[in-house]
Amino acid sequence: SNDREIYYTTDGSIPGVNTSLYQGPFFLNKTATVSAVSVKDGTIFSDVSQAHFVIESDGTPPEIASLYATKDPKDVYVVFNEPVSRASAETIANYEIDHGDGVYSATLATDLKTVILKIFPPVEDTNHTLTVNNVTDLSLAANTIAPDSTVNFYFQEIPNDDFENVG
């Protein structure tokens, strides 16, 4: 029912109103037993439900899966093949673009795989290389992307009226 809340634990202990309130999906980076109860007005209204999750160790570092841009030439989207840590993904020094002044902002999207880079306008009609270092995944091992991982892109501005005449 909509007037009930779910409280949970990830250590197998009995949940209650003083434990974590479920607000949406969450990550487990190690084997865990999730326990949950339904609560209404501070009173538990359900039996404890439990699920055990076995998380195998991850020894695979993240990789750049793709790079794309939108109409704004200052926005570049870097997509990793797995969720990455916010701290490492949002560290500007972990990104370098040749032929320009570089990156001035990095924001991890809610999918935890896409980083929106705000870059100084790139040089038009030029091949560019984005180099990424020190980005880690969410595994317990915190695997780090291979040093000097790169992806190439070409920037060419398309006039707005070309967008309007497509299709």
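Lys118 is partly exposed, with a relative accessible area of 29% (buried means under 20%, exposed over 50%, partly exposed in between, with a 1.4 Å probe and protein chains only). This is a predicted model, where local features need pLDDT of at least 70, side-chain atom pairs count only at pLDDT 80 or more, and totals for chains, interfaces and linings use all residues. Residues are numbered from 1 along each chain as its sequence is written, and side-chain values use heavy atoms, leaving out hydrogens and water.

**Salt bridges**

- The count comes to three salt bridges (a side-chain nitrogen of Lys or Arg within 4 Å of a carboxyl oxygen of Asp or Glu).
- Lys118 pairs with Asp75, and their closest N and O atoms are 2.8 Å apart. Asp75 lies in strand E7 (residues 75–80) and Lys118 in strand E10 (residues 114–119), so this pair ties together parts 43 residues apart in sequence. Strands (E, at least two residues) and helices (H or I, at least four) are DSSP runs, numbered from the N terminus.
- Asp75 is buried, at 9% relative accessibility.
- Lys40 and Asp3 form a salt bridge of 3.0 Å, N to O. The pair links distant parts of the chain: Lys40 sits in strand E3 (residues 32–40), Asp3 in the segment before strand E1 (5–9), 37 residues apart.
- Lys40 is partly exposed at 26%, and Asp3 is partly exposed at 40%.
- Glu90 bridges to Arg86, with the closest N and O atoms 3.0 Å apart. Glu90 is partly exposed at 29%, and Arg86 is partly exposed at 40%.

**Around Ser85**

- Ser85 sits in the loop between E7 and helix H1 (86–89).
- Ser85 counts as buried, at 13% relative accessibility.
- Leaving aside residues up to four places away in sequence, Ser85 touches Leu108, Thr136, Asp137 and Leu138 (contact means heavy atoms within 4.5 Å).

**The second largest pocket**

- The second largest pocket holds about 240 Å³ of space (on a 1 Å grid over the protein atoms alone, a pocket is an open set of points with protein on both sides within 12 Å along at least five of seven lines; lining residues have an atom within 4 Å of a point).
- Of the 15 residues that line this pocket, the closest to its centre are Asn29, Asp58, Leu138, Ser139 and Leu140.

Conventions: On a 1 Å grid over the protein atoms alone, a cavity is a set of points where a 1.4 Å probe fits but cannot get out, and a pocket is an open set with protein on both sides within 12 Å along at least five of seven lines; lining residues have an atom within 4 Å of a point. Grid points are joined across faces, edges and corners, and a volume is the space filled by probe spheres set on the points.
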